[in-house]
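Subject: Structure handover

Hello,

Here is the structure I promised to pass on. Please open it and keep it beside this message as you read.

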Amino acid sequence: MWGLIWYPYRVLQDAGVFGPLATLITYLLAMLCGGFMLPRVWRDLRVRNSGVSGWWAVLLVISAGWANFGYVLAMLQGEVMRVLLLFYLAPVWTILFSHCLLGERLNRYGYLVITLSLTGAFIMLWEPSLGMPLPQNLSEWLGLSAGMGFALSNVVSRRAAHLSVEAKAFSIWFGTALLTAPLLVWQGGWHVAGIAPQSWLILVLLGIVLCACSFAVQYGVTNMPANRAMLLFLFELVVAAYASYLLADEAMGARDWLGAILIIFASLLSGKLYAESK
């Protein structure tokens, strides 16, 4: 689903429902769809989030919110596969955040993961005429930063063991809506009266899908090692590659494929990051 979720947002944008507004509506609808979880969520927040524990919940809201909001914005304007590949530098950021926030130490695979990921990004982004191999436009910067948010949210989710799966799922929806609202206020984009019925149908379906997927992701991340979850997330790249070719007529060059192979291989190795420490 995450490999396809970008396409309905592009359809909505073409229909006049621009990205931030569509993001806010769909995540508010996801919250409404998941309203049956509210009693458990409020109980967790009231009982288990005093002192330092509460700050972990706040950090989860912000990081998960930016991961989703930045992802949607990047996908609306950028090349699907390039944005996704930058997003999936997440194993690098996971290593760094795990070390800083959880005190986890790398084994030999950890350094190999960092080297392969950064080499892949270097190959994919290198443009001799532009100098340093950095993201070339705002969409790619958004994809890179959203991947950082995704990695941070996974690490924080592991750290915030006191939170239930329901509370973690709500943090995604609430955080995304919370970060989207100020941009809409600044842009003056609160124009929902002109949204066509067909667009509302897409928005409602997206809200239901986001509710189900967010809960499934948090359930999976909570009940399996984060690095193993990252391996499963990689299937998004396969789906997105076919979808971007069929739906958006996008094609990757040889250098993009080489960088992609290195990044994917690094992500596959991330499953062995801490095997020696068990």
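Below is what was found in it, topic by topic.

**Ground rules**

This is a predicted model, so to speak of local features a pLDDT of at least 70 is needed, side-chain atom pairs count only at pLDDT 80 or more, and totals for chains, interfaces and linings use all residues. Residues are numbered from 1 along each chain as its sequence is written, and side-chain values use heavy atoms, with hydrogens and water left out.

**The whole chain**

The protein chain has 13 helices and zero strands. Helices (H or I, at least four residues) and strands (E, at least two) are DSSP runs, numbered from the N terminus. Of the 278 residues in the protein chain, 53% are buried. Buried means under 20% relative accessible area, exposed means over 50%, and partly exposed is in between (1.4 Å probe, protein chains only). Take the contacts in the protein chain with a separation of 6 or more: residues 24 or more positions apart account for 87% of them. Contact means heavy atoms within 4.5 Å.

Start with helix α5 (residues 80-87). How many of its residues are buried? Eight of eight, so to say α5 is mostly covered. They are Val80, Met81, Arg82, Val83, Leu84, Leu85, Leu86 and Phe87.

Look at Val80, which lies in α5. Val80 has 0% relative accessibility and therefore counts as buried. Leaving out residues up to four places away in sequence, Val80 touches Trp6, Arg10, Met75, Ala240, Ser244 and Glu250. Val80 and Glu250 are 170 residues apart along the chain, yet their C-alpha atoms are separated by 7.8 Å.

Now move to Arg82. A search of the whole structure finds one salt bridge. The term means a side-chain nitrogen of Lys or Arg within 4 Å of a carboxyl oxygen of Asp or Glu. Which residues form it? Glu140 pairs with Arg82, and the closest N and O atoms are 2.7 Å apart. The pair links distant parts of the chain, with Glu140 in helix α8 and Arg82 in helix α5, 58 residues apart. Both Glu140 and Arg82 are buried.

Two packed helices are described by the angle between their axes and the distance between the axes. Axes are lines fitted to C-alpha atoms, for helices over the stretch in contact, and angles run from 0 to 180 degrees between N-to-C directions. Angles under 35 degrees count as roughly parallel, over 145 as roughly antiparallel, 65 to 115 as roughly perpendicular and the rest as oblique. A crossing is left-handed if the near helix is turned anticlockwise from the far one by less than a right angle, and right-handed if clockwise. For residue classes, Ala, Val, Leu, Ile, Met, Phe, Trp, Tyr, Cys and Pro are nonpolar, Asp, Glu, Lys and Arg are charged, and the others, Gly among them, are polar.

*α6 and α8.* The axes of helix α6 (residues 90-102) and helix α8 (residues 138-159) come within 8 Å and cross at roughly 40 degrees. The two are therefore oblique to each other. The crossing of α6 and α8 is right-handed. Residues in the contact include Trp93 and Phe97 of α6 and Met148 and Phe150 of α8. The contact of α6 with α8 has twelve nonpolar, three polar and two charged residues.

*α2 and α10.* Here the axes of helix α2 (residues 19-33) and helix α10 (residues 197-223) come within 7 Å and cross at roughly 55 degrees. That makes α2 oblique to α10. α2 passes α10 in a right-handed crossing. Among the residues that meet are Tyr27 and Cys33 in α2 and Trp200 and Cys211 in α10. The classes are 13 nonpolar, two polar and no charged residues.

*α7 and α13.* The axes of helix α7 (residues 108-125) and helix α13 (residues 254-269) come within 8 Å and cross at roughly 165 degrees. α7 and α13 are therefore roughly antiparallel. Their crossing is left-handed.

**An exposed residue**

Phe235 is in helix α12 (residues 235-248). Phe235 counts as exposed because its relative accessibility is 56%. Phe235 and Trp2 are 233 residues apart in sequence and 9.3 Å apart in space, C-alpha to C-alpha.

Best wishes
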